[in-house]
Amino acid sequence: MTSTIDIRVLNSNEEMRQMYQLEEFIWQGEGGIPVHQTITAIRNGGLAIGAYCDDQLVGFSYSFAGFKDGKVYLCSHNMGIHPEYRDRGIGASLKNRQKTEAARIGYDMLTWTYDPLETRNGYLNLAKLRAVCSTYIENCYGEFDDGLNAGLPTDRFKVEWWVKSRHVNERLQTPIADDVFYIPWKETASGPALALNGEIPDAKQIMVPVPAAFQKIKQEDIGLALDWRLKTRAVFQELFKKGYAAVSLERSKEGPMHHYLLVKRFELQI
């Protein structure tokens, strides 16, 4: 029998210690957030959500209060799931409870970062959770030596999750327009590569290709992986400056590429 996963808000010192221990286990001693910091954060506008199985913490999300340009929001700092409990929908359950609790205590928007070339995260964040992105941060965390980031700048999308909006709660879909512009890519001896030449037209919608298996490319050809990083960086920065926002990741059932769908931000109901 499959054990039930219980999603709950974390409040106590003991629960913060459990979260710290799970962080240490997941990231193999690279440093959990100290308990004195997390307990202070959740007592001052922050939020921690836990996933329990048989009274054992197997997943968590942790957020702290943010403030910039006169606006208050919730910074969703990190989320972790025990390796033995992945691919059970726990991540989505944690985020949905986070959304409910954030709205309950008064937040309109949550924000967090992720690598736009990690398409699994892109699909969860944009297609499923309905976050949007119009901010690109170059080398957000500096140089990392871990398996996911070593050898590449840690560029990140900074997404916005407008938890009280129609876009999120009514799951408003953006149909693909007939005149959508697909940025081209090509096959090379090393694998797929971006093939854009010249300026991107000012289309109603734009599809930006990204590799479906970026980590595989990185393992086999770090030069090609860096090429993807730098070229997609330039594309996204140009489009965000022109007023576009990434609203979905469209996955291909076959072939090596997925596509980000970008639309004019003013058209979104957020």
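The model is predicted.

Strand E5 covers residues 109–114. Five of its six residues are buried, so the strand is mostly covered, where buried means under 20% relative accessible area. E5 pairs with two strands, described in turn below.

The partner on the parallel side is strand E4, residues 71–81. Two bridges link E4 and E5. Within this pairing, Leu74 stands opposite Leu110 of E5.

The antiparallel partner of E5 is E7. Six bridges join E5 and E7.

Strand E7 spans residues 156–162 and contains Phe157. The relative accessible area of Phe157 is 0%. Phe157 is therefore buried, as the limit is under 20%. Its contacts, leaving aside neighbours within four places in sequence, include Trp112, Thr113 and Tyr114. Residues 109–114 make up E5. Phe157 also contacts Pro116, Cys133, Thr135 and Tyr136. Further along the sequence, Phe236, Phe240, Ala246 and Tyr260 are in contact with Phe157 as well. Trp27 lies 130 residues from Phe157 in sequence. In space, the C-alpha atoms of Phe157 and Trp27 are 22 Å apart.

Note on methods: Residues are numbered from 1 along each chain as its sequence is written. This is a predicted model: local features need pLDDT of at least 70, side-chain atom pairs count only at pLDDT 80 or more; totals for chains, interfaces and linings use all residues. Side-chain values use heavy atoms; hydrogens and water are left out. Helices (H or I, at least four residues) and strands (E, at least two) are DSSP runs, numbered from the N terminus. Buried means under 20% relative accessible area, exposed over 50%, partly exposed in between (1.4 Å probe, protein chains only). Contact means heavy atoms within 4.5 Å. Two strands pair if DSSP finds at least two bridges between them.
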